[in-house]
Every structure is written in C-alpha cells, then in structure tokens.
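Subject: Model handover

Hi,

Here is the model I promised to pass on. Please open it alongside this note.

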Amino acid sequence: MTDNTPQNPLAPLALLGLGDMGTALARTWLAAGHGLTVWNRTAAKAGPLAAEGAVVAASAAEAVAASRLVVLCLLDDASIDSALAGVDLTGKDLVNLTTGTPAEGRARAAWAEERGARFMDGGIMATPTMIGVPESGAYVFYSGSRPLFDTHRAALEVPAGARFVGEDAGHAALHDVALLSAMYGLFAGISHAYALIEGEDIAPKDLAPLLSEWLGAMGFFVGNAAERLTSRDFTTGVVSSLAMQVASSGTLLRTAEEQGVGAELISPYLELMRRRLTADPAAHGGEDTVGAITLLKR
C-alpha cells in the first residue's frame, strides 16, 4: 500500500542540478531548515551550498539514495537519462523541475513508473531571483502523481507556491509553455510599439504608462476568449467585428512601413485574422477575433 501521509514539512530531500535555478531552490530549503543532499555534474558548484549546510553527494546515485524525495533540476530531458542511468529508483518520489515539453513529461512519468518510482513533473513560473520570495508571486505548476503531491506539498511550497494541474504528467509543462507563449506574444507587441517611435520626438518613458494602461484595459480578451472557445459562439455581443479589424489592419502595416519598422512581430496575427475572414466573409465577418484561434490547430 502506498503511503500518502503528508511528511514533516522539514523532511529531508535530495536535489540534482545546481544551475542558477537549482542553487536558488537549494538555498531556500536550507534556509527553512530542511536536510538537503545535493549533486551536480560540475562538483565545484556545490561548494558554497556545503558551507550553508548541504551534504554534497559524490554521485547522482548517492544523492538519490539519501532521501525519499528527489528533485531534478537539470539542463534538459536528456540530462536526466545521463544522470540517472543505472540508479535504483525503487520507492523514490521523483519531482522533475527540468524544463521540458508535455510529451517529455508523459514519457518521463512512464519511465519512472517502470523503475518503481512515483513521478511528478513541474513547470517553474519564476526566475531564480523570485525563488524564496513570497511577495514575488513565484509558483510552480505540478502534474502527475497526486499522492506524491499531497505527501510532499509542504516541502514543495517552501521555495514557491505549488499549483497542481492534473494527473496527466504533461499538463505542468503545457501550462508552463502556454503562459510563456502568451508572454512572448505580449513582448512582441510591446517591442513593435517601441520600434515605431524610434527616432521620433516621443520618449519611451512617456509611452510606457500609456502602453501599460492600454494593455491592462485589453486584458478582458483572456476571459472573453475562454468563454467563446468553450461555447464556440464567436458572434454574440461582438463590439469590434473581424471584418472591421481586418479592414483597419492595413493602417498598422502602412504605418510600420512609413516608420521604417519591420512588421514581422505583428503580421502573423493580422494574417491569421485575414485568413479567417476570407474563408467565409458572410459567416465570419461579424465575429470577433477569437475564432481565428481555431485556425492554429494543425
């Protein structure tokens, strides 16, 4: 019978990987009083943590043997195979915080199960400087074994908040990448906006509050898109139709050309709207732009 009893919040753990993120995680667990065994392929990186109370393992196998809870924060998915080749994982609880894809998370869960371990994948929504700082808003998505999460939740919440997003081991990475993809799209639009005023008598610091205010006002799109994608109703209550937005999008492209700015950061989305409209103007012209999302699924 599997023990799902929550452990003492100061239960010991092992951490494999001491890059910037791994080191930040290690320091928060040590500061909280956890017993911590660490291993890193480049042993010198463990020196400062040893001075702070960590036990430095000579090998990954030694680190894994030291604790039931084993946290992985390595370079990539292939690094896990390299580090844990031949290591006995029977009875271990593996938490993988190595950045990966949903498919890699699912495959790694099956890999761990074959080796007698429980597994949970994670997606860290933070930079290293945010770890261990409650007011930073840092948190980690977790998916996979719910019993593992329940057992170790107290320890996992020491460096950052913990959000369990399902027993499908791929869902932590999927949530992580979905949010990061939205972030980069936002960065792209902001970058284009600043490029447009380069060389003009408009200071970036003067545009900044206007951008923040406008983007905040447009935040309604997040909930609106979720509702419409669920109902598949893209026409009720439309304020700004797809036909109107496609017609006016030419102004954005002409302005970019006049300002000597490449449109590569915004043209893909404008083209997606145009494709949705031209596929059936009568059916899609009165929609808002959310329907264009359906064209992205291959």
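Below is what came out of it, going from overall numbers to single residues.

This is a predicted model: local features need pLDDT of at least 70, side-chain atom pairs count only at pLDDT 80 or more, and totals for chains, interfaces and linings use all residues. Residues are numbered from 1 along each chain as its sequence is written, and side-chain values use heavy atoms, with hydrogens and water left out.

Overall

The protein has 298 residues, and 40% of them are buried. Buried means under 20% relative accessible area, exposed over 50%, and partly exposed in between (1.4 Å probe, protein chains only). Along the principal axes, the C-alpha atoms fill a box of roughly 65 × 45 × 30 Å. The accessible surface is about 15,500 Å², with 59% of it on carbon and sulfur atoms. Those areas come from the Shrake-Rupley method with a 1.4 Å probe; for residues, only the protein chains shown count as cover.

I count contacts as heavy atoms within 4.5 Å. Among contacts with a separation of 6 or more, 62% join residues 24 or more positions apart.

There are 12 helices and 8 strands. Both are DSSP runs numbered from the N terminus: helices are H or I with at least four residues, strands are E with at least two.

An open sheet holds 8 strands in the order 3-2-1-4-5-6-7-8, with mixed pairing. Two strands pair if DSSP finds at least two bridges between them. The edges are strand 3 (55-56) and strand 8 (161-164), each pairing on one side only. Strands 1 and 2 run parallel and are joined by 4 bridges. Look for Leu13, which stands opposite Leu36 in strand 2.

Helices pack on this sheet. Helix 1 lies across strand 1, strand 2, strand 4 and strand 6, at about 165° to strand 1. Helix 5 (residues 102-114) touches strand 5 (93-96) and strand 6, and makes about 150° with strand 6. Axes are lines fitted to C-alpha atoms, for helices over the stretch in contact; angles run from 0 to 180 degrees between N-to-C directions.

The cores

A nonpolar core here is a set of buried Ala, Val, Leu, Ile, Met, Phe, Trp, Tyr and Cys residues joined through side-chain atoms within 4.5 Å. The largest has 32 residues. Leu15, Val71, Val95, Leu97, Ile131 and Tyr142 have the most contacts inside it. At least two residues each come from strand 1 (13-16), helix 1 (20-31), strand 2 (36-39), strand 4 (69-72), strand 6 (118-125), strand 7 (139-144) and helix 6 (146-156). Helix 1 gives the largest share, 6 residues.

Beyond its neighbours within four places in sequence, Val95 is in contact with Leu69, Val70, Val71, Leu72, Met120, Tyr142, Leu148 and Leu156. A second, separate core has 22 residues, including Trp39, Leu72, Trp111 and Ala117.

Salt bridges

The whole structure has 13 salt bridges. The criterion is a side-chain nitrogen of Lys or Arg within 4 Å of a carboxyl oxygen of Asp or Glu.

Asp168 and Arg106 meet at 2.8 Å, N to O. Asp168 lies in the loop between strand 8 and helix 7 (171-197) and Arg106 in helix 5, so the pair ties together parts 62 residues apart in sequence. Asp168 is partly exposed at 29% relative accessible area, and Arg106 is partly exposed at 37%.

Arg274 and Glu271 form a bridge with their closest N and O atoms 2.5 Å apart. Both lie in helix 11 (residues 267-279), 3 residues apart, about one turn of the helix. Arg274 is partly exposed at 35%, Glu271 at 34%.

Glu287 and Arg276 meet at 3.0 Å, N to O. Glu287 sits in the segment after helix 12 (281-284) and Arg276 in helix 11, 11 residues apart. Glu287 is buried at 5% relative accessible area. Arg276 also counts as buried, at 11%.

The network joins Arg68, Asp93 and Arg118 through salt bridges that share partners.

One backbone point

Most residues other than glycine have a negative phi. Arg232 has a positive phi, near 60°. Arg232 lies in the loop between helix 9 (220-231) and helix 10 (242-258).

Best wishes
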